Amino acid sequence: MADEITAGRDAARALAARTPGWMVWYGERTGSFWAVPRAGAAIVPRMLEAPTADDLENEIHQAEGRPAREQAPEKPQPGQPEGAQQTTEIPRHHRPAAEAEAPRIPVRHL
């Protein structure tokens, strides 16, 4: 558990360094990554959440109107010929509207 929290915090710090207009953190209780635009850079008036730092970075790019960050190509699995078709999940913001997930509404606990 402590290793997961440390890894989450480290990933959030790295993402915050790459996205200076955003305040980024790892939610220890939720296990999600969160971001809000800084006051001087009101890009979107909302909080973003994603299960991984890479997904959150793509959400930030989408909110800023930039294309999603390219993922490194996956290496072929042992026994799979190089250049073989690999299946990857299509990011949520690139799916047709019928397949898109409902937007998450952050809950504020008092």
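Predicted model: local features only at pLDDT ≥ 70, side-chain atom pairs only at ≥ 80, totals over all residues.
Residues are numbered from 1 along each chain as its sequence is written, and side-chain values use heavy atoms, without hydrogens and water.

Trainee: Is Y26 buried or exposed?
Mentor: Y26 is found in strand β1, residues 22-26. Strands are DSSP runs (E, at least two residues), numbered from the N terminus. Buried means under 20% relative accessible area, exposed over 50%, partly exposed in between (1.4 Å probe, protein chains only). Y26 has a relative accessible area of 10%, so Y26 is buried.

Trainee: Which residue's side chain is joined to that of Y26 by a polar contact of 3.2 Å?
Mentor: A polar contact is a pair of N or O atoms within 3.5 Å; within protein, one must be able to donate a hydrogen and the other to accept it, and residues adjacent in sequence count only if both atoms are side-chain atoms. The side chain that pairs with Y26 belongs to E4.

Trainee: How many bridges join β1 to β2?
Mentor: Two strands pair if DSSP finds at least two bridges between them. W22 stands opposite P37 in β2. β1 and β2 run antiparallel, and the bridges joining them number five.

Trainee: How many residues of strand β2 are buried?
Mentor: F33, A35 and P37 point one way from β2, and W34 and V36 the other way. In a regular strand the side chains alternate between the two faces of the sheet. β2 (residues 33-37) is largely enclosed by the rest of the structure, because its buried residues number five of the five.

Methods: Helix = DSSP H or I, 4+ residues; strand = E, 2+ residues; numbered from the N terminus.
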